[in-house]
Amino acid sequence: MTVRSSPDPLTDANLAAAYRQGDERAATELVRRHAAAVGRFLYSSGAGPSDVDDLVQETFFRAFRRLHGWRGEASFRSWLFTISGNLLRDEFRRHKGKRMLSLEDRDMPGGADPHADLAASETAERLRAGLATLPRLQREVFLLRVQEGSDYEQIAVALGTTPGAARVHYHHAVKRLKELVR
Amino acid sequence: MTICTQLSDRMPDVALGRARWTAEEQRHLAACVDCRAELGLVAAAAALGQATTAAPIDAAATAGRVLHRLRVERARQRSRRRIWAGAGLATAAAAILAVWTARVANGRIELPGAPPSVVVTRPSTHAAGQAPIRLASPSTGASSADFPLPELDSLSADALDSVLRVLDEPLARAGAWKMPDLADPGDQELERAFTGKEG
């Protein structure tokens, strides 16, 4: 791994290096930092709520097995998202195109305005369904931008594209989702 | 860049609370239906997965399961490597044994440590009266293997004998051909040198 460690012992790079030296607590800390974001990414990309936990576990398993593959140009989280995206693709192929998205899952969150909550829940479900229909690169660019706040330079490095192309993908995704969620 | 595009580029940062609208942008938002729809979409996407519809991830339990799987996999890999190493050693030992005990047709090879024992044989169609030439040291008991030397087939028995006598002599006693001093050779000197080399 060519990632350079900084003096701060708690950077992702230092934690990854520590795990490669055998420190399992470093791996635990990396999971603690990024598991929720990976779960959100998987859920937003169309994974069923009951599958998210297993998919998060599999993402980190694959990541730690080939930690040497993270060269540090993109953030550790972005690299995890790439692994998650590949994992979802593999799962989709394994299920031979059956949609993984469960549209029946509509837990009613407790709130003062159940109608507003239901509307929000339905919007969220339509949004998830719409995201699942996007081409993979558009979906990942969109999620990295809106959920992680990554700029186009960071997205380009993480996904192996250019900042200009990332920007185009983002606007295409927005346009498509606006039509689907309307 | 239009103001709609400008707002579109900034919406994720505002939705995540990392930036704020300028006064001009706020006025535009109030007036632009498309931009408001997009902002709603971006805000919903940013919140996706954070709502109670998605079960929270138990990071500690996840880390424990991941590390356990990694340990099990490493143990399996170590076990596989030991098996392959053992198989490799067994194969190498079998190969060495096969080489040292091999009997090549019409030839013999020497084991290391045994005194020299070279056996030269002719092919089966040797000329009448010419028995196979065999050189052997006085040592006994050393296993050896025969090997053919077809280059010697064309030599007569006498010529073969003289070659073998040379081979018998230790190198230290072999008469080295002395290089004549060619620092300032005259024609006659060179003539003698070449004649001497040619025998």
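Start by selecting α2(A) and α4(A): α2(A) passes α4(A) in a right-handed crossing. Handedness works like this: a crossing is left-handed if the near helix is turned anticlockwise from the far one by less than a right angle, and right-handed if clockwise. What you have open is a predicted model, where local features need pLDDT of at least 70, side-chain atom pairs count only at pLDDT 80 or more, and totals for chains, interfaces and linings use all residues. Residues are numbered from 1 along each chain as its sequence is written, chains are lettered from A and ligands numbered from 1 in the order in which they are written, and side-chain values use heavy atoms, with hydrogens and water left out.

To find α4(A), pick residues 76-94 of chain A; its axis and that of α2(A) are 10 Å apart, at an angle of about 45°. That makes α2(A) oblique to α4(A). (Angles under 35 degrees count as roughly parallel, over 145 as roughly antiparallel, 65 to 115 as roughly perpendicular and the rest as oblique.) Axes are lines fitted to C-alpha atoms, for helices over the stretch in contact, and angles run from 0 to 180 degrees between N-to-C directions. The helices themselves are DSSP runs (H or I, at least four residues), and strands are too (E, at least two), numbered from the N terminus.

Now show side chains. On α2(A), the contact with α4(A) includes Leu30(A), His34(A) and Phe41(A), and on α4(A) it includes Phe76(A), Leu80(A) and Leu88(A). Contact means heavy atoms within 4.5 Å. The residues of this α2(A)-α4(A) contact divide into nine nonpolar, three polar and two charged. (Ala, Val, Leu, Ile, Met, Phe, Trp, Tyr, Cys and Pro count as nonpolar, Asp, Glu, Lys and Arg as charged, and the others, Gly among them, as polar.)

Next stop: α3(A), residues 49-65. Its axis and that of α2(A) come within 9 Å and cross at roughly 135°, and the crossing of α2(A) and α3(A) is right-handed. Among the residues in contact are Val31(A) and Tyr43(A) of α2(A), with Val52(A) and Phe60(A) of α3(A). By class, the contact of α2(A) with α3(A) has 13 nonpolar, three polar and no charged residues.

Then select α6(A), residues 136-148. The axes of α2(A), residues 24-44, and α6(A) come within 11 Å and cross at roughly 135°. That makes α2(A) oblique to α6(A). Look for Arg40(A) and Ser44(A) of α2(A) and Glu140(A) and Leu143(A) of α6(A), which are among the contact residues. This contact of α2(A) with α6(A) has three nonpolar, two polar and three charged residues.

Finally, bring in chain B. Here 33 residues of chain B are in contact with 42 residues of chain A. The area buried between the two chains is about 3400 Å², with carbon and sulfur atoms giving 60%. (Buried area is the accessible area, with a 1.4 Å probe, that two parts lose on being put together, summed over both.)

How many salt bridges are there between chain B and chain A? The count is seven. (A salt bridge is a side-chain nitrogen of Lys or Arg within 4 Å of a carboxyl oxygen of Asp or Glu.) Zoom in on Glu24(A) and Arg71(B), whose side chains meet in a salt bridge (3.0 Å, N to O). Glu24(A) lies in helix α2 of chain A and Arg71(B) in helix α4 of chain B, so the pair joins two chains. Another to select is Arg65(A) with Glu73(B) (2.9 Å, N to O).
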